[in-house]
Amino acid sequence: MTAPARTPLPHDGHSVTVAGGGIAGLAAATAFARQGAKVSLYEKADALREFGAGLQITPNGGAVLRALGLEARAAAISIAAQALEPIDALTGRRLARFDLTARGATPYRFFHRGDLLDLLAQGAREAGVDIVTGAQVGWSDEGAVIHDHAATADLMVGAEGLHSGLRAILNGGDRPQFTGQVAWRAVIEMADADPVARIWMAPGRHVVTYPLPDGRLNLIAVQERKGWTAEGWNHPDEPANLRAAFSDVCPALGEILLQVRELRLWGLFRHPVAQHWHDKSRAIIGDAAHPTLPFLAQGANMALEDAWVLARETGRGGDLAAGLARFQALRRPRAARAIAAANANAVNYHLSGARRGISHLGLAAIGRMAPTLFMGRYDWLYDHDVTAG
């Protein structure tokens with residue numbers, strides 16, 4: 001008996017090379033492979049690993065995990081968030097509580113970065129992606145070189161992050177601007193923490209906390225500073241420096257900071273959204289295209305969206321260059337808007353003097369009388385589903 005013919009897929013017969021084994025690269029590789037492409041992913045490290053701490057996958061990013069067939073497993077390794085609470089870090093007073101459970105079918109979730117990376121790697125392998133570690137991709141004016149051999153593929157994707165070689169070829173060099181802020185990242189042991197994201201706001205600084213699976217709490221603290229030279233997040237620092245920067249905060253936050261045993265410090269730099277995301281057969285996605293500051297939890301979510309839209313638009317048939325142009329036209333304005341919103345939060349979290357008091361009174365009033373109005377400002381972000389078209 002003859003087996004029924006397989007339904008043709010958008011990328012049948014296409015070959016795709018992906019440089020970078022982070023969230024953007026793995027999601028893109030999986031999306032292309034599930035649509036029929038033969039995909040090879042190259043990661044320069046000797047293993048796929050994530051040294052970061054927690055991250056938040058908002059409903060717009062969760063929609064992509066669902067479309068990639070990973071929703072059930074994502075739920076098993078994450079915590080579904082219930083609320084967002086802005087708090088006066090000096091007094092400990094909760095200013096408001098904004099519900100995160102009423103945003104539709106896709107929850108707002110807290111993950112450990114390593115857990116999410118493992119999930120995406122598993123999904124990529126199941127989809128047939130050939131993952132090669134210890135492989136540096138070098139970009140030329142026209143293509144790519146891997147292990148001293150020219151790479152051959154219909155499409156090559158640069159997902160190598162902030163210092164992408166393909167970004168530099170497509171756009172030239174850029175001069176990152178120090179934001180005047182540094183950030184610490186840590187994970188501490190804290191059982192039975194509420195499934196709530198808390199923003200502890202103080203003049204010139206703030207802390208964000210939320211729980212992770214297995215009795216852990218993720219912590220990101222940001223402080224304004226005049227000078228900084230090193231970019232990147234993997235700089236060890238002493239917990240005493242963090243505690244000194246927040247020495248005047250309320251006892252509840254002080255107790256959390258006392259639990260920090262190991263942390264990383266990095267300077268926050270603002271990079272422009274790339275003007276050019278592609279040429280005739282290559283494209284950049286994720287932080288390679290639009291480095292994002294951590295004030296709206298959208299770095300990973302924008303990367304997931306990029307991955308899905310790139311695979312969809314280049315799989316519509318016709319000229320590849322036209323598909324790449326559609327990809328940029330759809331993604332660049334949205335990424336720029338998300339980054340602008342994140343930059344605004346960086347200011348609002350650090351108010352001082354009269355502006356701080358007025359802002360806190362306003363938050364409290366909105367929390368009492370119109371809590372949905374506050375979160376509604378982000379409907380354009382969280383409720384957007386790139387997989388629905």
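Me: What makes strand S18 (263–270) and H9 elements of the lining of the second largest cavity?

Reply: S18 and H9 each supply at least two residues of that lining. Helices (H or I, at least four residues) and strands (E, at least two) are DSSP runs, numbered from the N terminus. This is a predicted model, in which local features need pLDDT of at least 70, side-chain atom pairs count only at pLDDT 80 or more, and totals for chains, interfaces and linings use all residues. Residues are numbered from 1 along each chain as its sequence is written, and side-chain values use heavy atoms, with hydrogens and water left out.

Me: Which residues line the second largest cavity?

Reply: They are Phe269, Arg270, His271, Pro291, Thr292, Leu293, Ile339 and Asn343. About 40 Å³ of space lies in this cavity.

Me: Why is H8 called roughly antiparallel to H9?

Reply: The axes of H8 (residues 299–314) and H9 (residues 320–348) cross at roughly 160° and come within 8 Å. Angles over 145 degrees count as roughly antiparallel, so H8 is roughly antiparallel to H9. Axes are lines fitted to C-alpha atoms, for helices over the stretch in contact, and angles run from 0 to 180 degrees between N-to-C directions.

Me: How do you know that Met302 and Glu305 belong to the contact of H8 with H9?

Reply: Contact means heavy atoms within 4.5 Å. Met302 and Glu305 are among the H8 residues that meet H9, where the partners include Leu320 and Phe327.

Terms used:
Parallel < 35°, antiparallel > 145°, perpendicular 65-115°, else oblique. 1 Å grid on protein atoms, 1.4 Å probe; cavity = no way out; pocket = protein on both sides within 12 Å on 5 of 7 lines; lining within 4 Å. Points joined across faces, edges and corners; volume = space filled by probe spheres on them.
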